[in-house]
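I opened this structure for the first time today and kept notes as I went. The entries below follow the order in which I looked things up.

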Amino acid sequence: MGITSTLLFKELRTKEEILAGFSVMKHLRTHLDENSYLELVLEAQQKEGYRLVALYDHGKMVAITGFMPMITLYNGRFIWVCDLVTAPSERSKGYGEKLLSYVHQWAEENGYGIVSLSSGLQRVDAHRFYEEKMQYDKVSYVFLKRLSE
């Protein structure tokens with residue numbers, strides 16, 4: 001007998017699907033309300049090739065990622081992981097690893113040899129996950145200047 005997987009990766013495309021993703025995304029992007037989240041996702045999908053993919057286990061959304069193709073002189077053609085979050089009640093179950101591995105596979109299948117991301121300085125556990133579990137190299141700091149409040 002084969003083992004039936006209970007995991008499903010699903011790209012969220014419709015407004016309803018995108019809105020359903022807010023229940024998990026809000027734990028990472030706490031500054032967004034549902035409407036601003038929806039507006040930003042739709043604009044990023046249209047203008048930037050942003051993809052929003054959820055991981056479901058037994059029909060329940062447990063993690064979500066947003067990523068997009070980019071081109072820079074530094075990396076060439078690469079995938080930028082904008083968002084990656086697991087629902088707080090579902091952490092430490094391997095979902096982040098599975099979702100990031102999905103992004104890696106998508107990147108390879110679509111001709112991208114690099115996946116890159118940034119992570120807040122305070123997210124020490126996330127850094128350990130990226131470096132030790134996922135074999136990412138820490139190659140730079142990301143700087144930000146807010147031009148208006």
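These notes cover the annotated domain, the nonpolar cores, a surface patch and the salt bridges.

I noted that the model is a predicted one. I checked the UniProt record, an unreviewed entry, which places the feature "domain: N-acetyltransferase" at residues 7-148. Over residues 7-148 I read 36% helix and 27% strand, with the end C-alpha atoms 43 Å apart.

I looked up the largest nonpolar core, which has 21 residues. Ile-79, Val-81, Leu-100, Val-115, Tyr-130 and Tyr-136 touch the most other members. Two or more residues each come from strand 2 (51-57), strand 3 (60-72), strand 4 (76-86), helix 3 (95-109), strand 5 (115-117) and helix 4 (124-133). Helix 3 gives the largest share, six residues.

I then asked which residues Tyr-130 touches, not counting those up to four places away in sequence. I found Leu-84, Leu-100, Leu-117, Ser-119, Arg-123, Gln-135 and Tyr-136. Another core lies apart from the largest one; I counted 20 residues in it, including Met-25, Tyr-37, Tyr-50 and Ile-64.

I found a nonpolar patch of about 490 Å², made by Leu-121, Tyr-141 and Phe-143. I located Leu-121 in the loop between strand 5 and helix 4. Is Leu-121 buried or exposed? Its relative accessibility is 68%, so I put it down as exposed, the cut-off being over 50%.

The structure holds nine salt bridges, and I wrote up three of them.

Glu-17 meets Lys-10 at 3.0 Å, N to O. Lys-10 is partly exposed, with a relative accessible area of 31%.

Glu-11 meets Arg-51 at 2.9 Å, N to O. Glu-11 is in strand 1 (residues 7-11) and Arg-51 in strand 2, so this pair ties together parts that are 40 residues apart in sequence. I listed Glu-11 as buried because its relative accessibility is 18%, under the 20% limit. Arg-51, at 25%, counts as partly exposed. I also saw that Glu-11, Arg-13 and Arg-51 are linked in a network of salt bridges.

Glu-90 pairs with Lys-60, their closest N and O atoms being 2.8 Å apart. Glu-90 is buried at 8% relative accessibility, whereas Lys-60 is partly exposed at 42%.

Notes. Residues numbered from 1 in each chain as written. Predicted model: local features only at pLDDT ≥ 70, side-chain atom pairs only at ≥ 80, totals over all residues. Heavy atoms only, no water. Core = buried A, V, L, I, M, F, W, Y, C linked by side-chain atoms within 4.5 Å. Buried < 20%, exposed > 50% of the residue type's maximum accessible area, 1.4 Å probe, protein only. Helix = DSSP H or I, 4+ residues; strand = E, 2+ residues; numbered from the N terminus. Contact = heavy atoms within 4.5 Å. UniProt positions renumbered as here; feature names shortened; annotations may be inferred. Patch = residues over 30% accessible without salt bridge, like charges linked within 9 Å, V, L, I, M, F, W, Y side chains within 5 Å. Areas by Shrake-Rupley, 256 points an atom, 1.4 Å probe, with all protein chains shown as cover. Salt bridge = Lys/Arg side-chain N within 4 Å of Asp/Glu carboxyl O.
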